[in-house]
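Hi,

Here is the structure I promised to pass on.

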Amino acid sequence: LKINFSRNFRIPTFNDLYWETGGNPDLKPDSSYQAEVGNVFTYKKFTLTETVYYNKIKDLIRWVPVNGDIWSPENTDRVNTYGSETILGWSNSYGKNNFAVNGTYAYTVSENVDTKKQLFFVPYHKATASFAYSYSKFSINSQYLYNGFVYTRSDNDPNEIVEAYQVVNIGADYDFGFLKTSKLGFQVLNVFNQKYESMEDRRMPGRNFNMYIILKF
């Protein structure tokens with residue numbers, strides 16, 4: 001069982017204040033009170049972590065679009081953020097065969113206290129899942145991401161949203177065994193060629209491929 005209470009303070013960064021173009025030299029520091037309660041359950045090879053939290057924030061610093069592609073930070077007077085996070089994991093080995101499965105789910109309410117509206121670009125729902133298998137020096141993996149819809153206007157206009165999207169990636173690599181690490185890997189990203197935007201009017205790539213080499217001495 002984990003319980004955490006904290007008082008937090010964050011001063012604006014130099015980028016927040018002076019980024020050209022978009023910095024805001026009139027920003028105030030943001031401050032918050034945070035409370036969090038979590039519990040970790042284990043059963044054989046399974047691990048379940050459940051956490052609930054509540055943040056009371058004053059003068060929250062957020063970068064928001066102000067003119068087309070130009071973004072600028074601003075203070076949001078009072079914000080309450082609360083929700084829950086769930087993490088589920090399983091791993092096991094059979095000889096040289098190693099398996100790992102993980103999943104996460106987050107429910108987030110981030111509400112402007114004055115307007116009672118969800119902050120734009122903050123999804124209510126977000127989930128991930130991953131699977132990994134390795135045998136000796138060879139491994140394969142896959143990842144799944146679900147990102148719920150987000151509002152793009154402060155008035156939460158249902159006609160002004162970025163739609164929810166789902167993305168799947170797969171990959172494989174081989175460690176040749178010299179140096180500390182010497183991996184050659186290949187990935188297929190956005191396997192199902194989904195058309196989606198992570199931000200308003202910012203279209204993400206369709207199916208694409210990535211080859212990489214990792215050398216660690």
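Below is what I found, from the whole chain down to single residues.

A word on the ground rules: this is a predicted model, so local features need pLDDT of at least 70 and side-chain atom pairs count only at pLDDT 80 or more, while totals for chains, interfaces and linings use all residues. Residues are numbered from 1 along each chain as its sequence is written, and side-chain values use heavy atoms, with hydrogens and water left out.

Overall, the protein has 1 helix and 15 strands (DSSP runs: H or I of at least four residues for helices, E of at least two for strands, numbered from the N terminus). Of its 217 residues, 32% are buried, meaning under 20% relative accessible area with a 1.4 Å probe, protein chains only.

Now the strands. S5 (residues 97-112) runs antiparallel to S7 (residues 125-135), with 11 bridges between them; two strands pair if DSSP finds at least two bridges. Gly103 has Ala129 in S7 as its bridge partner. S7 is also joined to S8 (residues 138-147), again antiparallel, by 10 bridges, and Thr128 sits opposite Leu145 of S8. The S7-S8 hairpin has 2 residues between the strands, and Ser136 there takes a positive phi near 55 degrees.

Finally, the largest nonpolar core has 7 residues: Val64, Trp71, Phe120, Phe121, Val150, Tyr151 and Val162. Such a core is a set of buried Ala, Val, Leu, Ile, Met, Phe, Trp, Tyr and Cys residues joined through side-chain atoms within 4.5 Å. Phe120 also touches residues including Arg62, Pro65 and Arg153 (contact: heavy atoms within 4.5 Å).

Cheers

Notes
Buried means under 20% relative accessible area, exposed over 50%, partly exposed in between (1.4 Å probe, protein chains only). Lists of a residue's contacts leave out its neighbours within four places in sequence.
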